[in-house]
Every structure is written in structure tokens, then in C-alpha cells.
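User: I am new to reading protein models and would like to be walked through one slowly. Could you begin with the overall picture and then move on to the details?

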Amino acid sequence: MRVLIAEDDALLRQGLVLLLETEGFEVVGAAGDLDGFWPLFDEQRPDAVVLDVRLPPDFRREGLEAAARIRAHIPGFPVLVLSAHVEDGYAAELLAHSTGVGYLLKDRIGDVAEFADALNRVAQGGVALDPEVVAHLMRHQNRGDPLATLSHRETEVLGLMAEGHGNTRICELLGLSTPAVGKHIGSIFVKLGLTQEGSGHRRVQAVLAYLDTHTSPAAPSE
């Protein structure tokens with residue numbers, strides 16, 4: 001897979017290059033800002049991009065804006081966004097695109113296998129949401145939420161779905177059988193009223209319902 005990086009921190013940028021190349025990715029370029037990123041994107045036509053949320057010159061949400069620009073021209077293009085802090089508004093904004101997106105904390109890069117797995121999931125059209133962001137959303141759940149009818153186990157399963165894990169991985173993480181996970185997911189769909197669409201679409205809709213309930217629509221400002 002050919003990957004392009006935009007990260008302003010020189011050490012982290014070089015670390016990402018080395019990490020991804022070690023894991024078998026082909027890094028076709030690494031820019032410190034968007035002025036350097038866009039020519040590389042047009043020239044190299046990567047399969048996926050890894051973007052820091054905050055880039056020069058203003059260090060606000062340049063990475064998110066770049067992600068939106070790419071996907072406006074190439075719908076579904078895989079984008080993995082990195083952030084230094086939990087900002088669930090950013091996650092909700094990205095997940096509004098449903099597939100082929102990821103939002104991870106930079107601390108997660110230290111787990112090489114997990115980071116590579118997340119990038120592969122995003123590149124294959126899946127979703128990768130940082131576990132800490134999911135945990136943050138769960139802590140803000142209240143009795144008025146539509147998802148309050150879910151059991152503890154169903155909430156755990158939905159949280160892992162929001163992170164982008166498939167059924168097999170959810171089975172491994174929770175120590176459950178495949179039928180048990182399927183039963184919990186089916187119950188989630190029923191409780192959220194997602195009974196009429198195909199399973200793939202319902203899965204995305206369940207995650208979006210989860211995020212819609214636990215996040216504000218606008219990304220936070222500094």
C-alpha cells in the first residue's frame with residue numbers, strides 16, 4: 001500500500017516513515033505542511049494518507065480540512081487522522097463520512113501492530129476510532145440517550161464496532177463466541193430500530209447513532 005504522510009513534527013514524521021516501511025507499507029512522501037503535501041498527493045496518487053489534525057500555519061484543523069477536500073474529489077478515499085488529544089467532535093466529523101476513515105491519538109502510534117492494523121482497516125474501507133475516544137464517549141452517556149437501553153455487553157460490542165473492529169476481532173477482545181457477538185449485534189440493531197437495511201449499512205448506522213448521541217456536531221476550537 002502506498003501511503004502519504006503530513007505531520008509537522010520532524011521527529012514524529014520520520015518515525016512514521018520508518019514504522020510504516022518496517023510494516024511493509026510504501027511511503028511515497030512525508031510533508032511537514034499542506035504546501036508540501038498537495039504537490040506530493042497530485043504527483044504520487046497514494047492509496048491512503050495519514051494526516052495530523054493540526055498543521056502549519058495556524059495549527060487548528062488543517063488536517064481535517066485536507067481530509068474533507070480529498071474526499072470531496074475522491075469519495076471514500078482512505079484517510080487516517082492523528083491527534084494529540086481526545087477531541088470527540090473531530091471523530092464525529094470524520095465518522096460522518098461513514099467508511100474509509102480513522103481517528104487515532106498519536107500515543108497509539110507506539111503500538112506498531114495496532115497502528116498498522118488501523119491503517120489497513122481504513123485503507124480497506126473500514127473505520128478505526130481510537131479506544132480512548134470511545135471510552136470518553138461512554139463516560140458521557142446519560143439516561144436520556146437513546147442508547148441507554150443497551151446492556152453493558154451490548155455497549156461494549158458497539159464501542160468496539162465504533163473503533164472499527166470486525167466481528168472476529170470483537171470475539172477475541174471480549175472472549176465471546178461468534179454466535180454470541182452476532183446475537184449482541186442483532187440486539188443492538190433491534191434496540192436502535194435498525195431493522196430494515198442490509199447488515200453493513202446497519203452497522204455503520206449504529207456507530208453513527210452512537211456518535212450522534214455522545215458528541216456535539218461541531219468540532220471544538222482551540
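Analyst: The accessible surface of the protein chain comes to about 10300 Å², and 51% of that surface belongs to carbon and sulfur atoms. Please keep in mind that this is a predicted model, in which the protein chain has 10 helices and six strands.

User: How many of the residues in the protein chain are buried?

Analyst: A residue counts as buried when its relative accessible area is under 20%. In this case, buried residues make up 46% of the 222 residues in the protein chain.

User: What share of the contacts joins residues 24 or more positions apart?

Analyst: A contact means that heavy atoms lie within 4.5 Å. Among contacts in the protein chain with a separation of 6 or more, 64% are accounted for by residues 24 or more positions apart.

User: How many aromatic pairs does the structure hold, and how should I read one?

Analyst: Rings pair if their centres lie within 6.5 Å, and planes over 60 degrees apart count as edge-to-face. The structure holds four aromatic pairs. One of them joins Phe37 and Trp38 in an edge-to-face arrangement, with 5.1 Å from centre to centre and 75 degrees between the planes. Both Phe37 and Trp38 are buried. Another edge-to-face pair is formed by Phe41 and Phe77, whose centres are 5.5 Å apart and whose planes are at 70 degrees.

User: Which parts of the chain does the pair of Phe41 and Phe77 tie together?

Analyst: Phe41 lies in helix H2 (residues 34-44), whereas Phe77 lies in the loop between helix H3 (62-73) and strand S4 (79-83), so the pair ties together parts that are 36 residues apart in sequence. Phe41 counts as buried because its relative accessibility is 5%, and Phe77 counts as buried because its relative accessibility is 8%. Phe37, Trp38, Phe41 and Phe77 form one aromatic cluster.

User: Which charged end sits over the ring of Trp38?

Analyst: The charged end of Arg69 sits over that ring, 4.0 Å from the centre of the ring of Trp38.

Methods. Residues are numbered from 1 along each chain as its sequence is written. This is a predicted model: local features need pLDDT of at least 70, side-chain atom pairs count only at pLDDT 80 or more; totals for chains, interfaces and linings use all residues. Side-chain values use heavy atoms; hydrogens and water are left out. Rings of Phe, Tyr and Trp (its six-membered ring) pair if their centres lie within 6.5 Å; planes under 30 degrees apart count as stacked, over 60 as edge-to-face and the rest as tilted. Buried means under 20% relative accessible area, exposed over 50%, partly exposed in between (1.4 Å probe, protein chains only). Helices (H or I, at least four residues) and strands (E, at least two) are DSSP runs, numbered from the N terminus. A charge sits over a ring if NZ of Lys or CZ of Arg is within 6 Å of the ring centre and within 35 degrees of the ring normal. Accessible areas come from the Shrake-Rupley method with a 1.4 Å probe; for residues, only the protein chains shown count as cover.
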